[in-house]
Amino acid sequence: MRVLIVDDHPIVASGCRTVFADEPEVVLLEAADAESGERVFVAERPDICVIDINLPTVSGFELARRILARTASARIIMFSMNDDPVFAARAIEIGAKGYVAKTGDPQDLVEAIREVGKGGVYLPSAIARSIAFAGPAFARSPLAKLTSREMEILRLLSAGKSLSEIAWLVHSSYKTVANTSSIMRQKLGVRTSAELVRLAIESGIGVSLPHSAGVARP
């Protein structure tokens, strides 16, 4: 079974190699960002993709969307530091077959890969319970009001990207991104992009991308 790990932290890739050292049937492929992850997927056609949500430039959600647009049957496990049930719910909505929190038991990832490799789906019991019993708290979460694409645009706004840069990064038009930003403000009851950014940071979706991670245009 060929497994593509897309994560920009070398220690995570090293940890995955250690976890699967006694699993000779698992062959690991690695990529550090969405762009290289997509290239490796196209070239190698792995059986499973394990994708970190918080990647440089565009997020793991965006990479998952691109992979599934190419191959609807692709088996994807989202991997994240965030155990908020909203993130797990959005991962499932876009077509991921599993969601594993990095803060959980390392064995969760092994079990997820085995289960998804057999054609199943996987959520750690703690996250599954959080989704099942979140109730009103889930509905009150600002992120619960947003689609995964809106969350992606909000994340990039919080990283200081302009609307034109975001449009280029997510392969969309400036008008679409501007309209989406306006819709988000209405949904979340804020007036300005600065308020959107503050809400993103407070909700845990805001990230500080490396200063060197500018938009490299062709």
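Before listing any neighbours, I note what I count: a contact means heavy atoms within 4.5 Å. I also keep in mind that this is a predicted model.

**Entry 1: isoleucine 53**

I started in the loop between β3 (48-52) and α3 (60-70), where isoleucine 53 sits. Is isoleucine 53 buried or exposed? I looked up its relative accessible area and found 7%, so isoleucine 53 is buried, the cut-off being under 20%.

Next I asked which residues isoleucine 53 is in contact with, leaving aside its neighbours within four places in sequence. I found Ser59, Gly60, Phe61, Met78, Phe79, Ser80, Phe87 and Tyr99. I picked serine 80 from that list and checked the spacing: 27 residues separate it from isoleucine 53 in sequence, and 5.6 Å in space, C-alpha to C-alpha.

**Entry 2: helix α4**

How many of the ten residues of α4 (residues 85-94) are buried? I get eight, and the helix is mostly covered. Just past the helix I noted glycine 95, with a positive phi of about 115°.

**Entry 3: α10 against α11**

I then turned to helix α10 (residues 174-188) and helix α11 (residues 193-203), which pack at an angle of about 65° with their axes 10 Å apart. Angles of 65 to 115 degrees count as roughly perpendicular, so α10 and α11 get that label. Their crossing is left-handed. On the α10 side the contact is made by Ser181, Met184, Arg185 and Leu188, and on the α11 side by Ser193, Leu196 and Leu199. I sorted these contact residues into four nonpolar, two polar and one charged.

**Entry 4: the two sides of α11**

Which residues of α11 are buried? They are Leu196, Leu199, Ala200 and Ser203. Seen down the axis of α11, they fall within an arc of 105°, so they line one face of the helix. A reminder to myself: an α-helix has 3.6 residues a turn, so residues three or four places apart point the same way. The cover over the buried residues of α11 includes α8 (148-158) and α10. On the face turned away I found the exposed residues Ala194, Ile201 and Glu202.

**Entry 5: the whole chain**

Last, I stepped back and noted eleven helices and five strands. Of the 218 residues, 48% are buried. Among contacts with a separation of 6 or more, 65% are between residues 24 or more positions apart.

How values were computed. Residues are numbered from 1 along each chain as its sequence is written. This is a predicted model: local features need pLDDT of at least 70, side-chain atom pairs count only at pLDDT 80 or more; totals for chains, interfaces and linings use all residues. Side-chain values use heavy atoms; hydrogens and water are left out. Axes are lines fitted to C-alpha atoms, for helices over the stretch in contact, and angles run from 0 to 180 degrees between N-to-C directions. Helices (H or I, at least four residues) and strands (E, at least two) are DSSP runs, numbered from the N terminus. Angles under 35 degrees count as roughly parallel, over 145 as roughly antiparallel, 65 to 115 as roughly perpendicular and the rest as oblique. A crossing is left-handed if the near helix is turned anticlockwise from the far one by less than a right angle, and right-handed if clockwise. Ala, Val, Leu, Ile, Met, Phe, Trp, Tyr, Cys and Pro count as nonpolar, Asp, Glu, Lys and Arg as charged, and the others, Gly among them, as polar. Buried means under 20% relative accessible area, exposed over 50%, partly exposed in between (1.4 Å probe, protein chains only). The arc is that of the directions from the helix axis to the C-beta atoms.
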